[in-house]
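I opened this notebook to keep track of what I looked up, one topic per entry.

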Amino acid sequence: MRDPLTSRLAGFGTTIFARMSALAAETGAINLGQGFPDTDGPPEVLDAAVNAIRSGQNQYPPGLGIADLRHAVAEHQLRFHGLEFDPDTEVLITAGATEALAGALLGTLETGDEVIVFEPMFDSYAACIALAGASVVPVTLQPTPDGYRYDPAQLRAAVGPRTRTILLNTPHNPTGKVFTAEEMDDIADVARTHDLMVITDEVYEHLLFDGRRHVPMASLPGMAERTLTISSGGKTFHTTGWKVGWMCGPAPIVRAAMSAKQFLTYVNGAPFQPAMAVGLRLGDEYFTSLAAGLQHTRDLLADGLRTAGFVVYPSEATYFTTVDITPLRADGDGMAFCEELPHRCGVVAVPNQVFYVDPARGRHLVRFACCKRPEVITKAMERLAVLAA
C-alpha cells in the first residue's frame with residue numbers, strides 16, 4: 001500500500017509537545033516544556049462553566065459561537081485595545097487559537113501562495129500553511145543580549161510576487177519577544193506597500209512584563225481592513241484544555257476563515273463559551289495580577305537558569321524563556337540535550353530547533369516555561385543547578 005501520509009505533511013511527524021510531555025510522564029520529571037499552567041483559573045470562570053453544564057448548555061452552540069461570548073470578545077477588544085468589531089459579522093469563536101489559525105490559513109490561501117513568518121515559529125504554523133498548499137518564507141529573529149531582533153531588510157527581501165500574507169505572533173512564542181511599536185510600524189508598512197493580509201496570533205496579549213505594552217496590528221493606520229486578529233482564553237484564564245479561541249477582523253476575511261473552520265470542528269465547548277465571556281469581563285485587577293505573578297516566576301526561572309550555566313535571553317512576555325546551551329554542551333545539540341535532561345536532572349524542556357524552517361539555526365537553543373507555581377519552578381532550578389558542577 002502507498003504511504004498514507006500526504007506529502008504536504010511529510011517531515012512534520014509527532015509534535016514536539018506530545019513527545020516531551022510523554023517523556024516527562026515516563027520519567028516523573030518536572031515539565032517545563034509544554035506551556036500549560038499548574039493552577040486553575042478564576043473561580044468565577046470555573047463556576048460559570050459548571051453552571052452552564054448544569055443548566056443544560058451542552059448541545060451544539062451556533063456556528064459563529066454564542067452571542068454572549070462574541071459580544072464579550074468585541075467588548076474586550078474595545079476596552080483593552082480601542083478596536084471596534086461587530087459581534088455579529090466580525091467575530092468568530094473557534095476551538096482555540098490553533099483552529100482559528102488553521103481556518104484562517106486554509107480559507108484565505110491558494111496553492112502556491114507564500115506566507116512570511118517570523119521564526120522561530122509555533123509548530124502548527126508551518127503545518128497549516130503546508131495543508132493549504134502554500135509555503136513559508138521565514139524571517140529570522142536573532143537572539144541578542146537585549147532580546148530577539150529581526151533585520152528589516154530581510155523582511156523586505158522576503159516579499160515576492162507570490163506573497164499573500166504575513167503571519168505575526170506577538171507577544172511571541174517561543175522567544176518571549178514583544179514586537180515594539182517601531183517594529184509593528186515597519187511590518188505594517190510592508191503590508192500596506194505590497195497589499196498583503198496580516199494574520200496575528202495574540203494569545204499572550206495580557207502576559208507582558210516590566211511595563212511593556214502590546215500593540216495590536218489592527219490598531220495601526222490602514223491595517224484594520226487587512227488584519228485578522230486571533231486570540232484565546234486558555235493562557236489568560238488558565239483553561240488551556242477548554243480550547244476556546246476567537247478571531248476578529250473585517251467581515252470578508254472572517255467569512256473566508258469560517259468557510260474552512262466550519263469543516264474542522266464546526267463548533268466546540270458549548271458550556272465553556274459562556275464561562276469565557278465571564279472571564280473577559282473580569283476587572284482590570286485580574287489581568288494586572290496575572291501578569292505580575294507570571295513575571296515573578298519568570299524571574300525565578302531566569303535566575304536559576306543563569307546559575308545552572310546557560311546563556312539566558314530576556315523574556316519580555318509569554319510563558320517562555322530561551323537559553324543557549326553551548327556553555328554546557330559544546331556541540332550545541334539541543335535535541336539530544338532535551339532528551340537527556342529528564343534522566344539527568346528530572347526536568348523537561350523543549351528544543352527550539354523544531355520551530356525553525358532550517359533546524360540548524362536554532363539547534364543550540366532551548367525553551368523553558370515559567371507558568372508553574374513558584375515552588376515548582378524553585379524545585380526545578382535546584383535540580384538544574386547540578387549542571388553547573
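The model is a predicted one. I looked up Asp333 and found a relative accessible area of 18%. Buried means under 20%, so Asp333 counts as buried. Asp333 forms a salt bridge with Arg363, and the closest N and O atoms are 3.6 Å apart. I then looked up where the two sit: Asp333 is in the loop between E12 and H11, and Arg363 is in the loop between E14 and E15. They are 30 residues apart, and I noted that the pair links distant parts of the chain. Arg363 has 32% relative accessibility and counts as partly exposed.

How many salt bridges does a search of the whole structure find? I noted 23. Another pair I checked is Glu340 with Arg329, at 3.0 Å from N to O. Arg329 is buried at 18% relative accessibility, whereas Glu340 is partly exposed at 38%.

I also checked Glu75 and Arg281, whose side chains meet in a salt bridge of 2.9 Å, N to O. Glu75 belongs to helix H3 (residues 67–81) and Arg281 to the loop between H9 and H10, so the pair ties together parts that are 206 residues apart in sequence. Glu75 is partly exposed, with a relative accessible area of 39%, and Arg281 is partly exposed at 36%.

Which order do the four strands of the open sheet follow? I read it as E11-E12-E15-E14, with antiparallel pairing. Strand E11 (311–312) and strand E14 (350–351) are at the edges; each has a single partner strand, so one side of each lacks a neighbour in the sheet. E14 pairs with strand E15 (residues 365–369) in the antiparallel sense over two bridges. I looked up Pro351 and found that its bridge partner in E15 is Val366.

I listed the buried residues of helix H12 (residues 374–384): Val376, Ile377, Ala380, Met381 and Leu384. They lie on the same side of H12, because they cover an arc of only 135 degrees around the axis. What do the buried residues of H12 pack against? I wrote down strand E1 (30–31), helix H10 (284–308), helix H11 (334–345), strand E13 (347–348) and E15.

Met20 is in helix H1 (residues 16–27). Is Met20 buried or exposed? I found a relative accessible area of 3%, which means Met20 is buried. Leaving aside neighbours within four places in sequence, Met20 is in contact with Cys338, Val348, Ala349 and Val350. Gly33 is 13 residues from Met20 along the chain, and their C-alpha atoms are separated by 6.8 Å.

Which residues make the nonpolar surface patch of about 220 Å²? I noted Leu106, Leu131 and Leu264. Leu264 is in the loop between helix H8 (251–261) and helix H9 (272–280). Leu264 counts as partly exposed, at 42% relative accessibility.

Note on methods:
Residues are numbered from 1 along each chain as its sequence is written. This is a predicted model: local features need pLDDT of at least 70, side-chain atom pairs count only at pLDDT 80 or more; totals for chains, interfaces and linings use all residues. Side-chain values use heavy atoms; hydrogens and water are left out. Patches are made of residues with over 30% relative accessible area and no salt bridge: like charges are joined within 9 Å, nonpolar side chains (Val, Leu, Ile, Met, Phe, Trp, Tyr) within 5 Å. Accessible areas come from the Shrake-Rupley method with a 1.4 Å probe; for residues, only the protein chains shown count as cover. A salt bridge is a side-chain nitrogen of Lys or Arg within 4 Å of a carboxyl oxygen of Asp or Glu. Buried means under 20% relative accessible area, exposed over 50%, partly exposed in between (1.4 Å probe, protein chains only). Two strands pair if DSSP finds at least two bridges between them. The arc is that of the directions from the helix axis to the C-beta atoms. Contact means heavy atoms within 4.5 Å.
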